[in-house]
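Take a first walk through this protein. Start from one residue, then step back to the whole.

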Amino acid sequence: VDIAQPSISLCRFIPADLTRMEPLPEIFAGADAVIHLARKRFPYTENGFDPASGTWKTPDIGGDARRFNHNTAITYNVLSAAIAAGAKKIVCGSSLAVYGLFYPTAAVPPEYLPVDEAHSRRPQDPYGLSKLVGEEMCDSFSRKARVQIASLRFSGIYAAENAHVLAERKKNPTIRGVGALWSYVDFRDAAAACRLALEADFPGHQPFNICAPTTIMDRPTAELVQRYIPEASRIKINLEDNKCGYDTRKAQSMLGFKALHLFNNGALQ
């Protein structure tokens with residue numbers, strides 16, 4: 001269900017404007033589960049980093065407000081209509097940006113490493129804030145309807161056609177900021193996480209970090225953090241070699257998730 005039809009579709013496509021609630025109950029009628037990944041992109045997440053100041057810029061205030069309003073509205077509509085239609089399981093696309101490290105306008109070091117799902121969520125940017133609001137809605141709906149909801153906190157999702165971005169980041173570790181902690185996830189692993197979240201059984205709403213187990217870098221993650229995030233010098237760092245700075249053990253234990261497609265030799269394998 002979306003407005004724009006994908007170039008390749010492996011299942012029936014239903015065109016629908018998710019900002020309009022009216023058609024959704026009929027579309028979701030009889031659905032056992034719903035996966036909600038629709039969104040409008042925030043352009044600054046691709047090109048808003050200012051190397052001189054080491055911070056992210058969000059100059060399009062009006063556009064960001066419209067995107068924020070759009071994304072939070074469609075999430076509410078999908079959750080409401082899916083539950084009203086009787087869906088028992090829902091998966092929502094969230095982001096590691098909810099922790100506030102990805103796109104800060106002022107330096108925000110992690111509280112500890114690796115960052116797990118219990119870490120504080122404190123985004124400064126409209127994209128991260130939209131994901132935080134989405135997770136709060138999932139909390140509310142799961143309590144109200146006693147439905148199972150998974151919020152998948154994805155890292156940046158990559159495929160072969162944009163793996164060159166990872167290669168650029170490897171050459172220049174600060175080219176797009178350091179809040180992502182050099183993490184990533186292949187689109188095939190992201191899709192597998194969605195399926196696993198539907199197949200698993202757990203109570204209420206649960207968030208899960210979804211990313212590869214190692215970074216794109218060959219150097220130890222702790223060394224990179226100490227060099228490029230000096231504000232993190234006082235935190236506890238429990239990382240070996242180039243282990244990812246975002247902890248995926250919860251997804252592994254509860255969902256059976258393990259990323260299989262890793263970045264090696266400048267490409268996704």
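Ser 183 touches Leu 96, Phe 102, Ser 155, Arg 169, Cys 244 and Tyr 246, leaving out residues up to four places away in sequence. Contact here means heavy atoms within 4.5 Å. This is a predicted model, in which local features need pLDDT of at least 70 and side-chain atom pairs count only at pLDDT 80 or more, while totals for chains, interfaces and linings use all residues. Residues are numbered from 1 along each chain as its sequence is written, and side-chain values use heavy atoms, with hydrogens and water left out.

Where does Ser 183 sit? Its place is in the loop between α5 (163–171) and β8 (185–186). Helices (H or I, at least four residues) and strands (E, at least two) are DSSP runs, numbered from the N terminus. Ser 183 has a relative accessible area of 1%, so it is buried. Buried means under 20% relative accessible area, exposed over 50%, and partly exposed in between (1.4 Å probe, protein chains only).

Ser 183 also has polar partners. A polar contact of 2.8 Å links its side chain to that of Ser 155. The backbone oxygen of Ala 180 lies 2.7 Å from a polar atom of the Ser 183 side chain. A polar contact is a pair of N or O atoms within 3.5 Å; within protein, one must be able to donate a hydrogen and the other to accept it, and residues adjacent in sequence count only if both atoms are side-chain atoms.

Next, Tyr 158. This residue is found in strand β7 (residues 157–158). Tyr 158 counts as buried because its relative accessibility is 8%. Its contacts beyond four places in sequence include Arg 169, Tyr 184, Val 185 and Leu 268.

Now the interior. In soluble globular proteins, nonpolar side chains tend to be buried together. A nonpolar core is a set of buried Ala, Val, Leu, Ile, Met, Phe, Trp, Tyr and Cys residues joined through side-chain atoms within 4.5 Å. The largest one has 57 residues, and Leu 152, Ile 210, Tyr 246 and Leu 255 have the most contacts inside it. Elements giving two or more residues to this core include β6 (148–154), β9 (205–210) and α8 (249–255). The largest share, 5 residues, comes from α6. Another core lies apart from it, with 19 residues, among them Leu 79, Ala 81, Ile 90 and Cys 92.

What about the cysteines? A disulfide is a pair of cysteine sulfur atoms within 2.5 Å. By this rule the count is 0 disulfides. Cys 92 is in none; the nearest cysteine sulfur, that of Cys 138, is 3.8 Å away. Cys 194 has its closest cysteine sulfur in Cys 92, 10 Å away, which is too far for a bond.

Helix α3 (residues 61–84) has 24 residues. It reaches 34 Å from its first C-alpha to its last, close to the 34 Å expected at 1.5 Å a residue. The expected span is 1.5 Å times one less than the number of residues. After α3 comes Gly 86, with a positive phi near 100°.

Finally, the whole. The protein has 8 helices and 12 strands. Its radius of gyration is 18 Å, close to the 18 Å that the globule rule gives for 269 residues, so it is as compact as a globular protein of that length. That radius is taken over C-alpha atoms, and the rule is 2.2 Å times the number of residues to the power 0.38. Buried residues make up 49% of the 269.
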